[in-house]
Amino acid sequence: MSYLEKVADLFFRQNQFLRFLFVGGSNTLFGFFAFSFFFSLGLSKEAASFLGILLGVLWNFQTTGRLVFESKDNWLVFRFCGLYLVLYLLNIGALELFERAGFSMYLAQFLLIPPWAVLSYFALKYVVFRETQPTPAGPES
């Protein structure tokens, strides 16, 4: 195994959180390009945003489920969407608090990226994709 393969194995194949961050970044780009595509076709910002979010969530579910949590259970999409609704509502609440404190909305959303990334990773791991997680071997009886 080459040095580059060893590094890739260590950081991406063996480190679920780093895979989550990488996949999340690519999912963000997918959502942006989906919105841009629909908007460039002449759809309103509302319609382009709706379609971009819809396709983005479905794409995000597939890539996060398969590449990060190694799940092929498509029925988990309902839990996935429910979690993202909760995260959305928490985000709106946090933005409201930042706004009351006088923060720019751009800075506020930027500051929320790290805690939301960590929160969403653990919520996806232990709420949405919990069945696909390997169970630790207990003491032998």
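What follows is a short exchange on a predicted model.

Biologist: How many helices and strands are in the chain?
Modeller: The model is predicted. Read along the sequence, its pattern is α-α-α-α-α. The chain has five helices and zero strands.

Biologist: What percentage of the residues count as buried?
Modeller: Buried means under 20% relative accessible area. The accessible surface of the chain is about 10,000 Å², and 72% of that belongs to carbon and sulfur atoms. Of the 141 residues, the share that counts as buried is 27%.

Biologist: What share of the contacts with a separation of 6 or more comes from residues 24 or more positions apart?
Modeller: A contact here means heavy atoms within 4.5 Å. For residues 24 or more positions apart, the share of those contacts is 57%.

Biologist: What is the volume of the largest pocket?
Modeller: Rolling a probe the size of a water molecule over the atoms shows where empty space is left. In this model, 26 residues line the largest pocket. Its volume is about 1,300 Å³.

Biologist: Which element gives the largest share of that pocket's lining?
Modeller: The residues nearest the pocket centre are Gly24, Thr28, Asn60, Tyr84 and Gln109. The elements giving two or more residues to the lining are H2 (16-40), H3 (45-68), H4 (77-100) and H5 (105-128). The largest share is eight residues, and it comes from H2.

Biologist: How many charged residues are in the lining of the largest pocket?
Modeller: Asp, Glu, Lys and Arg count as charged. The lining has 14 nonpolar and twelve polar residues.

Biologist: Is glutamate 70 buried or exposed?
Modeller: Glutamate 70 sits in the loop between H3 and H4. Its relative accessibility is 61%. The cut-off for exposed is over 50%, so glutamate 70 counts as exposed.

Biologist: What is the phi of glutamate 70?
Modeller: Most residues other than glycine have a negative phi. Glutamate 70 is not glycine, yet its phi is positive. The value is near 50°.

Biologist: Which residues does leucine 51 touch, not counting those up to four places away in sequence?
Modeller: Leucine 51 lies in helix H3. It is partly exposed, because its relative accessible area is 26%, between the 20% and 50% cut-offs. With residues up to four places away left out, leucine 51 touches Phe38 and Leu43.

Biologist: How far apart in space are leucine 51 and glycine 31?
Modeller: In sequence, leucine 51 and glycine 31 are 20 residues apart. C-alpha to C-alpha, the distance in space is 9.2 Å.

Note on methods
Residues are numbered from 1 along each chain as its sequence is written. This is a predicted model: local features need pLDDT of at least 70, side-chain atom pairs count only at pLDDT 80 or more; totals for chains, interfaces and linings use all residues. Side-chain values use heavy atoms; hydrogens and water are left out. On a 1 Å grid over the protein atoms alone, a cavity is a set of points where a 1.4 Å probe fits but cannot get out, and a pocket is an open set with protein on both sides within 12 Å along at least five of seven lines; lining residues have an atom within 4 Å of a point. Grid points are joined across faces, edges and corners, and a volume is the space filled by probe spheres set on the points. Helices (H or I, at least four residues) and strands (E, at least two) are DSSP runs, numbered from the N terminus. Buried means under 20% relative accessible area, exposed over 50%, partly exposed in between (1.4 Å probe, protein chains only). Accessible areas come from the Shrake-Rupley method with a 1.4 Å probe; for residues, only the protein chains shown count as cover.
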